[in-house]
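Visitor: I am new to this structure. Please show it to me, and then let me ask about the words used for it.

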Amino acid sequence: MQSSAYGASLAGGTFDLGSFVKQPQTILRCLSWIFSIVVFASITAEGYMNPVKKEETKCMFNSNDSACSYAVGIGVLAFLACVVFLMLDAYFPKISNANERKYIVIGDLGFSALWTFLWFICFCVLANQWSKTQENAGIRGDAARAVIAFSFFSIISWALLSYFAFGRYRQGVDDFNQDYTDPATNHTTPYPPAQYANSGPMGYQQSPFSNQEHTGEYKPPSY
């Protein structure tokens, strides 16, 4: 029975709030959660303006609505993902099945790596569109700069989450390799492998009649 699996001290252990709050993953998820709120809330509240002589609202990033929609979508999904993974981290020590822990860690690693890349794209797009924005009338520059800054901070936080998720995955693999014992070399098993001390390569034994003398002459039976 494994004493640890994928970063948890004991399989089927109890939840410790103190140690949970102090975990680096918990702190990073809370920061990522806050960063995502700042991004999509700033764009939703102050990211759209009414251009001069136009009734339709446009995105403050060079009037590119796709840039604002992309940032809001990434931020909302990151917000929901942080909540889900925080709940999984809290429930993680109570999971006694190593395979279920493995799937959670792999999901965390894949999602964190993907969102690191998506936040990087978001930061590049927003910074590029803001540098091309010329009409500053009615645009709140502080909100735009805050969105760009917290998009960059999100890259760092999700990259660190990917790093810690990869560390938990490597730890789980190392724990499995240390606890695994080859049955052929395990002498504590109740059924050790059979030994063929006097046998040939394939366990073939010599015929018991091979040592008889052969004269080579035919002897008729006596009546």
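Guide: What follows covers helix packing and then aromatic pairs. This is a predicted model: local features need pLDDT of at least 70, side-chain atom pairs count only at pLDDT 80 or more, and totals for chains, interfaces and linings use all residues. Residues are numbered from 1 along each chain as its sequence is written, and side-chain values use heavy atoms, leaving out hydrogens and water.

Visitor: Why are α2 and α3 called roughly antiparallel?

Guide: Helix α2 spans residues 24-46 and helix α3 spans residues 65-91. Their axes cross at roughly 150° and come within 8 Å. Angles over 145 degrees count as roughly antiparallel (under 35 is roughly parallel, 65 to 115 roughly perpendicular, the rest oblique). Therefore α2 and α3 are roughly antiparallel to each other.

Visitor: How do you describe the packing of α3 and α4?

Guide: Helix α4 covers residues 98-131. Its axis lies 10 Å from that of α3, at an angle of about 155°. α3 and α4 are therefore roughly antiparallel to each other. The crossing is left-handed. The contact includes Tyr 70 and Phe 85 of α3, and Phe 111 and Trp 115 of α4.

Visitor: Why is the pair of Phe 61 and Trp 130 called edge-to-face?

Guide: Rings of Phe, Tyr and Trp (its six-membered ring) pair if their centres lie within 6.5 Å; planes under 30 degrees apart are stacked, over 60 edge-to-face, the rest tilted. Phe 61 and Trp 130 are 6.1 Å apart, centre to centre, with 70° between the planes. That makes the pair edge-to-face. The two residues sit 69 residues apart in the chain. Both Phe 61 and Trp 130 are buried.

Visitor: Why does Tyr 163 count as exposed?

Guide: Buried means under 20% relative accessible area, exposed over 50%, and partly exposed in between (1.4 Å probe, protein chains only). Tyr 163 has 57% relative accessibility, so Tyr 163 counts as exposed. Phe 164 has 27%, so Phe 164 is partly exposed.

Methods
Axes are lines fitted to C-alpha atoms, for helices over the stretch in contact, and angles run from 0 to 180 degrees between N-to-C directions. Helices (H or I, at least four residues) and strands (E, at least two) are DSSP runs, numbered from the N terminus. A crossing is left-handed if the near helix is turned anticlockwise from the far one by less than a right angle, and right-handed if clockwise. Contact means heavy atoms within 4.5 Å.
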